[in-house]
Amino acid sequence: MSQVLALDHRFTDSLQGVACRLHKLSSSASVTRTVLGAQFFRAPARLLTCSSDGAVRAAAGGNIRFAAPGGSFEEPARDDAGVELAYVSRFDAPAQIQRISQKRNKSWVENVKYLGLGVLLAMVAGSGFRPRFAPPATAATAEIFIKAKPRRMSPKAKIEEKAIYALDYFFATEPAGKAIVLLAICASMTAIGGYLFCKAGEAEGEEISITESFWSAWTFISDPGTHADVGKFRQRLVAVPLTMGGMLFFALLVGLMSDAVSARVDRLQRGASPVIEENHTIIVGWTPKTIPLVRELTIANKTRGLKRTIVVLGDKDKEEMDEDMRAALPNSERNGSKIVTRSGVPTETEDLRRCSAAMARAIILLSPGGLPSHEADSLVLHSALVMAYLSELKADIVVELAELDNVNLLKQVLSSLMNSPAKALPETLKSSPLVSSEPTMLLHAGERVQKMVPVATGDFVMRMLVERALQPEIAAVAGELLQFEGSEFRFKRWPELVGKTFGEILYLFDNAIPCGMRKARPDSQGDYTLINPPPETIFEERDRLLVISEDEDSYQPGISHAPEHAQYVPNMEKYSKQVLKILICGWRNDLQDVLRLIDNNVARGSEVIILSTKDEAAIKDLKLGSSLHNVKLNYKYGDPLSMKVLEKLPLEQYDKSIILSDQNDATSSHSSTTTAMYIRHIQVQRGRSDSIIVAELPSSQDGAVQQVQKTWLNDSVQPERLQAMVLAHLAEDSDVGAVLDEVVSDYGSNMISRSISAYSKPGEAFNFWELQARAQHLGDIVIAHKCAEHENRWELNPLNKNEIINWSEDDQVLVLTRPHV
């Protein structure tokens, strides 16, 4: 029975496997064929035969010696190139195959090749790699001896290469390396040139001291014209090269100084230098609302007569920020305010210190744009925590968040971190914050007392959008309260008012309207800010009075104007809510808050229809999360930009239309405008022209476009500008945040419009103080009115409160309601 064994020596098995398998063959086997890989010895395959007596023969020639128990046999075996095949193998059996000789002299290059190939095969064999058809090795031990002369792979580096390498490392690690090298060259030229100049003078018979020679060499280097005075030939041979070397030296020195100045200027342009300012405002973040916010702060500085610096710390290149700022807000429109920009990130304490954050009065942390709300808030929360625990900060921190739920989350996180051990924090972060129960959080750390005000400006924009849709007549007044030009909310301490009740204080100011107070200590419900409190509320020491006034110095308490005998209408008309049908086009994550606000301002039986491409799961979650009492919620799937989709809706039945924009979509502004235009067109075609349409529009649109939009829009909200106003007010006085949050909300004291018939009989005439007394009887504070005698325009904080006005039944007043009334 013949047995055949094939072995591929390129990847499969080691040489000892061949010998082992030859040994295992039966002596009665007639033929054994072993194919040796050509790439191992760079030779074609060999056929070895094994006879019945145990001898191994080379079928293709060669020289192989085989030792068996009965004797040995030797026969030459060569490949085509004349290379003899020889193996050395050790195993338990007596058979051995040994390498005999190698007659051909191979070059050292080939030896190195074989050496590398052998090492590669040894590594493959040692790693246990086996192809799919390779049989396992059975030899216990085996050795392959390959001798080759080693070759130096990398030649020895030359001296000049080592010198260049050392010089390169010196320049890379030494900032002043170029200057040091230039000074060394100058010193060498002076020393060598002075010595040669001295020897040249001695050869010419002129006695020159070595110190004078050094000085002469330096003059040749520093002044190219000095060598013209040298009269000796050999001295001229020294002076001319020194002069040429000096010219080259000073050319390099000028270039080095130019590079240093340019680098310094570039560093200053990049904003690497620290900000040297005090009592300034820092805006952290570069978003679409950054420039509107800077504009509002400059207006605030102008109206308050201040020169506060505004520092912007953004993740954009400083030169780009400066260019955008100059284009949108030139120096002539900055109202004398200084605007400084720096590049950096808020989580890097060094960037904050570079903006002189320890000396700032307010820090505004903006929500990054272009990100989903949860991602943006995660970045803001991280930065807010870093600032809250940075003990060197004393400024009030205004934190803008995208989601309203994260306002409470920030308070909860800071509250829980209060209980963490301070020793686990670094030395600069060992100040634990103390969080109050209201939106303004008080942070106490040693002598540091500051406030952190988290605010969801997007939620405020949505409230204003709903208010403008439901009560369009108050849009102008609400907008004026948010501007720094005109009347606005202000807090101020008045020691002379301590001990007086709010009912008495209400009639003491000719040029302001008291609206509430900021308590030094919280009331029984834990509130610090009280808007339209009960008349018996006492103004205590360290309390601050909330008023509506034009500026800080335009008002002061005077004599009381309270009517002695105020007349009250027995059957005053109450404010009545309406049954409305409202269309909302688009989708926002905070839509639940919008629905709750609508539900609180409409009568039972109203209906809200949402037109959006949102999936059914989101609508189901919205319905489950919205606890509505007066509103029936319906959903219509469709694209608000499609005319066909809008034509299928009964648009003529809708009293209000609110069009939302996607904050992450760059084309959302055009979408809102187009949707409003389609809705107005369909309503006019169907005979409805009194419907109210409001939309979110960007603040950077062209004036001509805005004029055209007024033909189909009743009102609009510019999110970036409105958010900038809110943030600017909080930066100027963080306590105003609680006021704005409550005034435009569905809880607490609300700002609503009432008919004058709620306080007056037809044909009555009386002044503002009488109107205020009648409103107080119902728990309201009058802040503005619109009457026919004053051309039917809204007057916020009327100038002449003593003027007698003949009130007509169409006149209206804007009031702040009392909470829980």
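The structure is a predicted model, in which local features need pLDDT of at least 70 and side-chain atom pairs count only at pLDDT 80 or more, whereas totals for chains, interfaces and linings use all residues. Residues are numbered from 1 along each chain as its sequence is written, and side-chain values use heavy atoms, with hydrogens and water left out.

According to the unreviewed UniProt entry, the annotation "transmembrane region" covers residues 112-129, 179-198 and 237-257; UniProt positions are given in the numbering used here, feature names are shortened, and such annotations may be inferred rather than shown by experiment. Helices (H or I, at least four residues) and strands (E, at least two) are taken as DSSP runs, numbered from the N terminus. On this basis, residues 179-198 are 100% helix and 0% strand, with end C-alpha atoms 28 Å apart, and residues 237-257 are likewise 100% helix and 0% strand, with a separation of 31 Å between the end C-alpha atoms.

An open sheet of 6 strands is arranged in the order β19-β18-β17-β20-β21-β22 with parallel pairing, where two strands pair if DSSP finds at least two bridges between them. Because β19 (631-637) and β22 (715-717) stand at the edges with a single partner strand each, one side of each is left without a neighbour in the sheet. The twist from one strand to the next averages 15°, with axes defined as lines fitted to C-alpha atoms (for helices over the stretch in contact) and angles running from 0 to 180 degrees between N-to-C directions. Within this sheet, the parallel strands β17 (residues 581-585) and β18 (residues 606-612) are joined by 5 bridges, and Ile584 has Ile610 of β18 as its bridge partner. Helix α13 packs on the sheet, where it touches β17, β20 (656-659), β21 (692-696) and β22, and its direction makes about 165° with that of β21; contact here means heavy atoms within 4.5 Å.

Helix α13 (residues 457-470) also meets helix α16 (residues 591-601), the two axes coming within 10 Å and crossing at roughly 35°. The contact involves Asp459, Met462, Arg463, Val466, Glu467 and Leu470 of α13, together with Asp593, Val594, Leu597, Ile598 and Asn601 of α16.

A further open sheet consists of 4 strands in the order β23-β28-β25-β26, and its pairing is antiparallel. Its edge strands, β23 (751-755) and β26, each pair on one side only. Strand β25 (residues 781-786) pairs with β26 in the antiparallel sense over 2 bridges, and Glu795 in β26 is the bridge partner of His785. Helix α23 lies across β25 and β28 (812-816), running at about 130° to β25.

Not counting residues up to four places away in sequence, Leu796 touches Val477, Glu480, Leu481, Ser487, Ile548, Ile783 and Ala784. Leu796 and Ser549 are 247 residues apart in sequence, yet 9.2 Å apart in space, C-alpha to C-alpha.
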